[in-house]
Amino acid sequence: MTARIIRNLIANSLAHSAGDVEVKVALAEGQALLAFRNPVAAGTPLQPERLFERFYTADEARTSRPSGLGLHIVQLLAEQMGGSAGASVEAGSFEVRVKLPLAAAPDP
């Protein structure tokens with residue numbers, strides 16, 4: 001499931017970034033944090049509160065672009081794993097954050 005989350009985040013970043021994509025992996029609040037941050041083109045109508053909705057796309061006129069399922073799937077998988085997903089837009093940058101529980105070490 002984690003690999004699918006990462007693939008979807010990479011695909012989303014590459015499809016919608018207006019520049020370089022910044023990826024961060026960190027430990028936050030006892031969970032693994034994956035953060036993908038990229039610039040967005042001026043005037044891009046992003047609604048962070050709707051980005052995880054099934055089939056939501058910022059540009060309703062798109063026909064050759066992704067279906068709007070990528071971030072929805074990221075959120076569903078993160079929640080199934082006991083984590084969460086969120087997004088924000090600040091100062092021309094879009095960021096998706098996914099928190100996932102740390103995997104327990106296997107018994108020897």
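How close do the axes of H1 and helix H2 come, and at what angle do they cross? The views below start from that question, using a predicted model in which local features need pLDDT of at least 70, side-chain atom pairs count only at pLDDT 80 or more, and totals for chains, interfaces and linings use all residues. Residues are numbered from 1 along each chain as its sequence is written, and side-chain values use heavy atoms, with hydrogens and water left out.

**View 1. The crossing of H1 and H2.** The axes of H1 and H2 (residues 70-80) come within 9 Å and cross at roughly 155°; axes are lines fitted to C-alpha atoms, for helices over the stretch in contact, and angles run from 0 to 180 degrees between N-to-C directions. H1 is therefore roughly antiparallel to H2 (angles over 145 degrees count as such). H1 brings Arg4, Ile5, Asn8, Leu9 and Asn12 to the contact, and H2 brings Gly70, Leu71, Ile73, Val74, Leu77 and Ala78; contact means heavy atoms within 4.5 Å. Helices here are DSSP runs of H or I with at least four residues, strands are runs of E with at least two, and both are numbered from the N terminus.

**View 2. Arg7 on helix H1.** Look for Arg7 in H1 (residues 2-16). Arg7 is exposed, with a relative accessible area of 52% (exposed means over 50%, with a 1.4 Å probe and protein chains only).

View 3. Strands E1 (residues 22-28) and E2 (residues 31-39) run antiparallel and are joined by 7 bridges; two strands pair if DSSP finds at least two bridges between them. Leu27 has Ala32 of E2 as its bridge partner, while Val23 stands opposite Phe36 in E2. Between the strands are 2 residues, and Glu29 takes a positive phi near 55° in this hairpin.

View 4. The 4 strands follow the order E1-E2-E4-E3, with antiparallel pairing. E1 and strand E3 (84-90) are the edge strands, each pairing on one side only. Neighbouring strands of this sheet are turned by 20° against each other on average, direction ignored. H1 packs on the sheet, touching E2 and strand E4 (93-101), and its direction makes about 15° with that of E2. H2 lies across E3 and E4, running at about 25° to E4.

Conventions: Buried < 20%, exposed > 50% of the residue type's maximum accessible area, 1.4 Å probe, protein only. Parallel < 35°, antiparallel > 145°, perpendicular 65-115°, else oblique.
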